[in-house]
Amino acid sequence: MNEQGYEISINLGDMFAYILHRWKLALIISIVFMISIGGYESYVQYDSIQNKYADATYNEMTREMTQEQITNVDLFYSRYQGFQERIKENKLYSENSLLMRINADNVSVLTKEYFVRTNYQGVMSSFSTIALDLDDYKKMAAVFGNDIDPRYVGEVVSLSGSIDKSGYDIDTTGGGMVLEMTSGSINDSYSGVLILTVSANSREDCEKIALIAEDAIEKHVKELKSVDINVVLSELSAAYTERVDSGIAEFQRSKNEEGSKLVTDYLAFEENARLSMNQQQNAVFSYLIEKDQEFKEQFSWKRYFVIGLLVGCLAAVIFLAALYICSPAIKSLDDIERFTKEKGIGVIIQKKKSGFFLNEFFSNWAKRIEFHGIKKTADNEAIAFICDRIGNICEDKKADKVFLVSDTECEYTKSVLEKAVGLLKEVGIEALTGDPANSLEALKGLRQSQVAVLAVTMKDSLPKVVRDEYIVCEENKIPVVANFVVCPQK
């Protein structure tokens, strides 16, 4: 397309910046598509499965069967569900258990003993059941690896111990001998050994986990003291060993055998069940199994929502790109260079208010693309710089009246022109502003001036109007001596 001999091109970088500035709209479009496509496709799939395995189908298949035959099929199906649930549980445990993951041929074991003296007989039970909570297990699981389920950490970390009565704690108020005590109390005293045991695949893991456990033990001691339970805890000894643990090896073997046996028993059950049922019963039995598996394995609503989101992102990009392309305004600095005849004397970029994190992130990214190669300065400094250059040009032209031509109603551009008029007035230059191509008052003001400077507003000024401004200036023999660019940040 040509506009008075100038070729208009689409700047892909500027278009991408335009899309980034409107990321909220893109997000809304993407979410709408995700919900619409994901919801619709999920419903279609669910409805298809429901129709395939509708009650009418089951009723038709069992119409000629006796109640005893139906009951027999239901019994086999219940046993099938039981097998499936046990196989699933065994698989889940085998995949997540820390005991199943430990190398039984080289188990690292760190053991620490603590001497405990207290007036509370149940202190050992308190340590073993309460001291380590889920938050501690989560920290320990992170030591083993990010894929570890914290609920299984208790298999390899334990707190245990025993406690016995060791004497009496005597509390007197008089401070004298026991025989002279007239008031105070005598309490039972207990002592014992608390044992912390950590098993892992390396000494480093054992030590890291032990530190987490020690912090939890100290915290629990403080909690007990806060409710007037006297607890004195001191470390006795620590030992680290590496060993072949036949107990863990046997446990792992038994769990693997249990899983294999479950599968073998299930296959034997299914074979015997089918042999004991007639063709019609087998068909109903297969129907029930297929229906169960169809919903578990084939109903994949997440996939459709992901597809909907991707389609929405693509649609948002296409929609915003179309808006950019169809916009009649001057879109980029490259366009301004094509549509203005005189040299550019500066760019004024509005400072945008900081928003929340995502808005700030996308906005900064877009501005880096949009104003690539342009040194950004504060708008007040940029206005002063441009006014100084206008003053220098007017001095060369021996002009003391200048007209700042602008075709936009943009509030930021108006504020920039007002500041420019004030700064020019300070150096003895009378400046007027307006759109002489569309305003009689502005046209009269132009005729009273000696030179004109074109102010182009990015994403707002129109190429046709810019052309008309030049024509009006030429008709009135007012030379356009320079131009500058205003970039509002909406």
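R203 is partly exposed, with a relative accessible area of 46%. Its side chain meets that of E207 in a salt bridge, 3.1 Å from N to O. The model is predicted. A search of the whole structure turns up 14 salt bridges.

- R203 and E207 both lie in helix α8.
- They sit 4 residues apart, about one turn of the helix.
- An α-helix has 3.6 residues a turn, so residues three or four places apart point the same way.
- E207 is partly exposed, because its relative accessible area of 37% falls between the cut-offs of 20% and 50%.
- R203, at 46%, falls in the partly exposed class too.

- Helix α9 covers residues 246-276.
- D265 and K261 both belong to this helix, 4 residues apart, or about one turn.
- Their side chains form a salt bridge of 2.8 Å, N to O.
- Is K261 buried or exposed? K261 is exposed, with a relative accessible area of 52%.
- D265 counts as partly exposed, at 28% relative accessibility.

- The side chains of E409 and K414 meet in a salt bridge of 3.0 Å, N to O.
- E409 is exposed, with a relative accessible area of 61%.
- K414 is partly exposed, at 32%.

**Helices α7 and α8**

- Two packed helices are described by the angle between their axes and the distance between the axes.
- Helix α7 spans residues 134-144, and helix α8 spans residues 203-225.
- Their axes come within 10 Å and cross at roughly 170°.
- Angles over 145 degrees count as roughly antiparallel, so α7 is roughly antiparallel to α8.
- On the α7 side, the contact is made by D136, K139, M140, V143 and F144.
- On the α8 side, the contact is made by D205, K208, I209, I212, A213 and A216.
- How many of the contact residues are nonpolar, and how many are charged? The contact of α7 with α8 has 7 nonpolar and 4 charged residues, with no polar ones.

**Helix α4: length**

**Helix α4: buried residues**

- Several residues of α4 are buried, among them I70, V73, F76, Y77 and F83.
- Y80 and N90 are also on the list of buried residues in α4, as are Y93 and N96.
- Y80 has a relative accessible area of 1%, so Y80 is buried.
- The C-alpha atoms of Y80 and Y266 are separated by 7.6 Å.
- Along the chain, Y80 and Y266 are 186 residues apart.
- N90 lies in helix α4.
- N90 has a relative accessible area of 11%, under the 20% cut-off, so N90 is buried.
- Which residues does N90 contact, leaving aside its neighbours within four places in sequence? N90 is in contact with K255, E258, G259 and L262.

Key. Residues numbered from 1 in each chain as written. Predicted model: local features only at pLDDT ≥ 70, side-chain atom pairs only at ≥ 80, totals over all residues. Heavy atoms only, no water. Axes fitted to C-alpha atoms, helices over the stretch in contact; angles between N-to-C directions. Helix = DSSP H or I, 4+ residues; strand = E, 2+ residues; numbered from the N terminus. Parallel < 35°, antiparallel > 145°, perpendicular 65-115°, else oblique. Contact = heavy atoms within 4.5 Å. Nonpolar A, V, L, I, M, F, W, Y, C, P; charged D, E, K, R; others polar. Salt bridge = Lys/Arg side-chain N within 4 Å of Asp/Glu carboxyl O. Buried < 20%, exposed > 50% of the residue type's maximum accessible area, 1.4 Å probe, protein only.
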